[in-house]
Amino acid sequence: MQFTTSDERISTLLKRVQETTDLLKLEALASWDQHTQMPERAGEARMHQVATLDGIIHERQSDPALGKLLQELEGVVSQSRFTDADRSLVRHARRSYDQATKLPPELVEERAKVAVASLESWVKARQNNDFASFAPWLQRTVHLQREIADRLGYTETRFDALIDLHDPGLTASEVEALFVPIRDVSTRLLKRIQASGKTIDTACLFGNFPISQQEALCKKMAASVGYDFTRGMIASSAHPFMIDFGTPLDVRFTVRYSEQFLPMALMAALHEGGHALYEQGSAPSLLRTPLAGGASSGIHESQSRLWENVIGRSEPFWQKKFALVQEAFPQHFAEVPLPTFVQALNKVEPSLIRVEADEVTYNLHIMVRFELEKVLVNGEISVESLPRLWNEKYREYLGIEPENDTVGVLQDMHWSDGFGGFQGYTIGNICAAQIFKKLQSEFPDLKERLAGGDTSFILQWLSEHMYSIGATYLPQDLMVRLTGESMNPNYLLSYLTGKFEKIYDLSPES
């Protein structure tokens, strides 16, 4: 992926974009600090710092001179002498320019301030099971998000404008069309599993796991699938996340530790590590541009879900990797058979915490959030009603109810920053299953190679065909390039049904 720097206009645009990207990455560094080690009372100062940065970034992105430059380039960039990277650079810059010119500076800075303060409030509210203390900040976020959506514009509903910020080109109605078959199959498969009478013992996943030993294990596991620690690191935070400060040269992630439950950190290392592999795989030529990294929220999640679940919860993957777990905790796992460990990782049971959910119920967690966000942003429900509605949807979809708001409506940090991104997790599952099907066709001996401890061939193929090109292509176009067709939920349905019918000894549905 190369830019046509022999054209002065592309060179000028590239320089402007690189400088703006530098500022965005410094803002990301401030976010990393806030999540991992910022002093408790530093929030007010950070709020103003981030708002100042956002103001400067907004000013650069809405500069009339940039608009004139883009207009000139749009008239010629389709010519054959320009590259796909050139065209994508113009497209991304145009998208940012159009969004920036629709939002006044005061709104951008206010949103930045509220996001910082809201996160601080969420952390304390979650610790104290105190939704009421978070509600005023959430209400301010809702108000700002509605104004942003209204200014950006939409065709069907206000919520569409926010979805488009995360998954370009998708609307709520299109997301719902993808969700319907997944909701139906997931709920039906869950009922079949519950009626099977088969139980899976997960005792081996619980015990005494000192954090220092978990930290070492997570590092070894991430490195074993190709994560490069010379360009990254792992830290701890209240909610796991991946962040970059200069893809592909500085890509970091966090996990959350439990001394009693090993998969909380172990599987997060594969999940966030999957995100990080995508970022680290970007072509160096895309450095300091918005083309470095994932094509969309959903496409990015496809890689976290691929490495954590489709690969990371399979028995072939653990044939060799299980030795790392046994070495980390020899007294606990020395006598645990591999099939017992793998089955424990794949137990299906309705639970309250999204990031710990099994593959069958996970998408139902997403649908709860997506449906609530939609009606909240569209003004159909109030912030005060969220805990009650959250609990009602958990009863409806999963047959369980949170005992408190900490494990209910307060469990995700995302609403402290805004709305419109949760659908990306299920879109990620859809794309992960579809991409894995392509990998199986490319490598007929995939299971055997995984069982031998090798994942490098998967990383190499993904890097060549997906990671290196970053966000050069739109999500649907990228899926067609990768798999030959646009997003298709049938691959996920087939994957879930086939996998869990086997695990739970279920007869195929007629």
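Lining the second largest pocket are 22 residues, with S314, K447, Y495, K499 and K502 nearest its centre. A pocket here is an open set of points on a 1 Å grid over the protein atoms alone where a 1.4 Å probe fits, with protein on both sides within 12 Å along at least five of seven lines, and lining residues have an atom within 4 Å of a point. Helix α21 gives the largest share of that lining, six residues. By type, the lining splits into 11 nonpolar, five polar and six charged residues, where Asp, Glu, Lys and Arg count as charged, Ala, Val, Leu, Ile, Met, Phe, Trp, Tyr, Cys and Pro as nonpolar, and the others, Gly among them, as polar.

This is a predicted model, with local features needing pLDDT of at least 70, side-chain atom pairs pLDDT 80 or more, and totals for chains, interfaces and linings using all residues. Numbering runs from 1 along each chain as its sequence is written, and side-chain values use heavy atoms, leaving out hydrogens and water.

On the aromatic side, there are 21 pairs (Phe, Tyr or six-membered Trp rings with centres within 6.5 Å; stacked under 30 degrees between planes, edge-to-face over 60, the rest tilted). W32 and F241 sit edge-to-face, 6.0 Å centre to centre with 70 degrees between the planes. W390 and Y394, by contrast, are stacked at 5.5 Å and 15 degrees; they are about one helical turn apart because four residues separate them in α16. W390 is buried at 1% relative accessible area, buried meaning under 20% with a 1.4 Å probe, protein chains only.

Terms used:
Helix = DSSP H or I, 4+ residues; strand = E, 2+ residues; numbered from the N terminus. Buried < 20%, exposed > 50% of the residue type's maximum accessible area, 1.4 Å probe, protein only.
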